[in-house]
Amino acid sequence: RGYGSFSSSGPRNGDSAISPNVAAPGVSIVSTGVGTGSDGATISGTSMAAPHVAGVAALAVQSHPTWNAAEIAAALVTTADPEKVAGQNVVRGGLGLVDAAQAVSTQVVVGGDKYGTTSGWFREPSLSFGFAEPSLAFAGFTMLTIENKGTKTVTYKLSTAANPESRPAKVMLSARSVTIKPGRTARVKVALAADARKLGTSSGDDQFAFNQVSGNVVLTSGDE
């Protein structure tokens, strides 16, 4: 299914990171109707989508009881399936539809830039190059961190795939394959270069319009 007409769009205010992170069923969901006795209610909105995500998170916590909240969030976001959302758009549905089976079975935590809280340092579950208004070209890089929290060595092949709405750009990875032993971490540099002439302009009738360069870094294990 696609998006509800009322769905809000990202990117996140302040740093232009992905928001929302994931998509979940939230249109015409039948649930318990408060004050109706045994009757139900059909409701749409975040109030319906959020419980779906919370349920998947609960299953992930049960499967990974020693992981912290940021690692559980990363499990949900990085295993979300973009192919399960019709017309998938990263600024409306994040990385895709939450996938309970994948979130539960993953033994690897993948993240981007660090951010700090009173509880410590954590990693964003997605990569962001921020907002820019280049006159000639844009170039930047960020780091992808892959931590193996399982008990077996894992090997991943890395590739990139642009989203349908992405403007033309070149993405380069510092490695196309990584092997990570249990308890170890691998870091891969992700570089982005784009010609400003191919990005378009945000000027026009809609002052909030913008063009995006977006896509996925795909990790494929040797078992798949």
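Two strands count as paired if DSSP finds at least two bridges between them. In this predicted model, β7 and β9 meet that rule, since four bridges join the two strands, which run antiparallel.

**Strands β7 and β9**

- Four antiparallel bridges link β7 to β9, and V154 stands opposite I180 of β9.

**The four-stranded sheet**

- Four strands form an open sheet, in the order β3-β6-β10-β8, with antiparallel pairing.
- The edges are held by β3 (108-111) and β8 (170-173). Each of these has a single partner strand, so one side of each is left without a neighbour in the sheet.
- On average, neighbouring strands of this sheet are turned by 20 degrees against each other, direction ignored.
- Strand β8 is joined to β10 (residues 185-195) by four bridges, and the two run antiparallel. V171 stands opposite L192 in β10.
- In general, the strands of a sheet pair through backbone hydrogen bonds, either parallel or antiparallel.

**Salt bridges**

- The model has five salt bridges.
- One of them is formed by K149 and E71, whose closest N and O atoms are 3.4 Å apart. K149 lies in the loop between β6 (137-148) and β7 (154-162), and E71 lies in helix α2 (residues 69-78), so the pair ties together parts that are 78 residues apart in sequence.
- K149 is partly exposed, at 29% relative accessibility. E71 has a relative accessible area of 13% and is buried, because the limit for that class is under 20%.
- D81 and K84 meet through their side chains in a salt bridge, at 3.6 Å from N to O. D81 is buried, with a relative accessible area of 18%.
- R197 and D195 form a salt bridge with an N to O distance of 2.7 Å. R197 is exposed, at a relative accessible area of 74%, whereas D195 counts as partly exposed at 22%.
- Some salt bridges share partners, and these join E71, E147 and K149 into one network.

**Aromatic side chains**

- The count of aromatic pairs comes to two.
- Y115 and F122 form a tilted pair, with 5.9 Å from centre to centre and 40 degrees between the planes. Y115 is partly exposed, with a relative accessible area of 30%, and F122 is buried, with 17%.
- F129 and F138 have ring centres 6.4 Å apart and planes at 90 degrees, so this pair is edge-to-face. The cut-off for that class is over 60 degrees. F129 is partly exposed, with a relative accessible area of 28%.
- A charged side chain also meets a ring: K189 lies over the face of F141, at 4.5 Å from the ring centre.

Terms used
Residues are numbered from 1 along each chain as its sequence is written. This is a predicted model: local features need pLDDT of at least 70, side-chain atom pairs count only at pLDDT 80 or more; totals for chains, interfaces and linings use all residues. Side-chain values use heavy atoms; hydrogens and water are left out. A salt bridge is a side-chain nitrogen of Lys or Arg within 4 Å of a carboxyl oxygen of Asp or Glu. Buried means under 20% relative accessible area, exposed over 50%, partly exposed in between (1.4 Å probe, protein chains only). Axes are lines fitted to C-alpha atoms, for helices over the stretch in contact, and angles run from 0 to 180 degrees between N-to-C directions. Rings of Phe, Tyr and Trp (its six-membered ring) pair if their centres lie within 6.5 Å; planes under 30 degrees apart count as stacked, over 60 as edge-to-face and the rest as tilted. A charge sits over a ring if NZ of Lys or CZ of Arg is within 6 Å of the ring centre and within 35 degrees of the ring normal.
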